[in-house]
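Q: I'd like to learn how to read a fold from its strands, rings and sulfurs. Could we walk through one together?

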Amino acid sequence: MTRNKKFMIAGAAVIAVVLAPVAALASSSSPTGLRHPLVIHVVEHAITDTVQQFHPPKMSLGDVLGFHNPVYNASNTRRIATDNGYCIRTVATGKTEWECTWTTLLPGGHLTVEGPYYDDGTNTTLAITGGTGKYTGAEGSMLLHATGSPVGSEYDFIFTLTH
């Protein structure tokens, strides 16, 4: 093998070793990726919740809960946002349950979630299904925790954004 061929092979090997980790990193991350989860904690005041029942006064599959509520900062002292959404009753006996979708309209963008809600106030985790503005491409989960007096008149929304 000539000396030039050896240098070219050695140079190609060095370039491959240097560029392989860079290429792997570029393919597994995105410009909006987060190094650490971002946690956003807000408090919803459930004052507009309205249920449309199919067979009043009984709970029925398909009952609809609609809402558009004010949302406050984590210390529950200042209104910073609103939410807008709906739930469909999926379990009408025993531990009654809804499947919900809503958007929280935060400063700088919106976050949309989907998942379960229980009438008894049990904590649930919903999937973050997307976002807009500074939350474009959002992924992660949201813990829904019933609070307030009476319990269920307010809800902690604790968003954990992983992307």
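Q: Let's start with a charge and a ring: which ring does the charged end of lysine 95 sit over?

A: The general idea is that a charge sits over a ring if NZ of Lys or CZ of Arg is within 6 Å of the ring centre and within 35 degrees of the ring normal. Here the ring belongs to tyrosine 118, and the charged end of lysine 95 is 4.7 Å from its centre.

Q: What should I keep in mind about the model and the numbering?

A: This is a predicted model, where local features need pLDDT of at least 70 and side-chain atom pairs count only at pLDDT 80 or more, while totals for chains, interfaces and linings use all residues. Residues are numbered from 1 along each chain as its sequence is written, and side-chain values use heavy atoms, with hydrogens and water left out.

Q: How many helices and strands are in the chain?

A: Helices (H or I, at least four residues) and strands (E, at least two) are DSSP runs, numbered from the N terminus. By that reading the chain has 1 helix and 10 strands, and along the sequence the pattern is α-β-β-β-β-β-β-β-β-β-β.

Q: Which other strand forms a hairpin with S5?

A: That's S4, with 6 residues between the two strands; asparagine 76 in this turn has a positive phi of about 60°. Strand S4 (residues 70-72) and S5 pair in the antiparallel sense over 3 bridges, and valine 71 has alanine 81 as its bridge partner in S5.

Q: Where does strand S3 come in?

A: Strand S3 (residues 64-67) pairs with strand S5 (residues 79-91), again in the antiparallel sense, over 4 bridges. The bridge partner of leucine 65 in S5 is cysteine 87, and that of valine 64 is isoleucine 88. S3 also pairs with strand S2 (residues 50-52), antiparallel over 3 bridges; there, threonine 50 stands opposite glycine 66.

Q: Which residues make up the covered face of S3?

A: In a regular strand the side chains alternate between the two faces of the sheet. For S3, Leu65 and Phe67 make up the covered face, and Val64 and Gly66 the uncovered one.

Q: How many disulfides does the count come to?

A: A disulfide is a covalent bond between the sulfur atoms of two cysteines. The working rule takes a pair of cysteine sulfur atoms within 2.5 Å, and the count comes to 1. It joins cysteine 87 to cysteine 100, S to S 2.0 Å. The pair links distant parts of the chain, with cysteine 87 in strand S5 and cysteine 100 in strand S6, 13 residues apart. The two cysteines also stand opposite each other across the strands.

Q: Why is the disulfide right-handed?

A: Look at the torsion about the S-S bond: for cysteine 87 and cysteine 100 it is about 110°, so the disulfide is right-handed.

Q: Are those cysteines buried or exposed?

A: Buried means under 20% relative accessible area, exposed over 50%, and partly exposed in between (1.4 Å probe, protein chains only). Cysteine 87 counts as buried because its relative accessibility is 2%. Cysteine 100 is buried too, at 0%. Of the 163 residues of the chain, 33% count as buried.

Q: How many aromatic pairs does a search of the whole structure find?

A: Rings of Phe, Tyr and Trp (its six-membered ring) pair if their centres lie within 6.5 Å; planes under 30 degrees apart count as stacked, over 60 as edge-to-face and the rest as tilted. The search finds 4 pairs. One of them, phenylalanine 67 with tryptophan 102, is edge-to-face, at 5.7 Å centre to centre with 70° between the planes. Phenylalanine 67 lies in strand S3 and tryptophan 102 in strand S6, so the pair ties together parts that are 35 residues apart in sequence. Both residues are buried.

Q: What about tryptophan 102 and phenylalanine 157?

A: Their ring centres are 5.3 Å apart with the planes at 35°, so this pair is tilted. Phenylalanine 157 lies in strand S10 (residues 154-161) and tryptophan 102 in strand S6, so the pair ties together parts 55 residues apart in sequence. Ring pairs link Phe67, Trp102, Phe157 and Phe159 into a cluster.

Key: Pairing = 2+ DSSP bridges.
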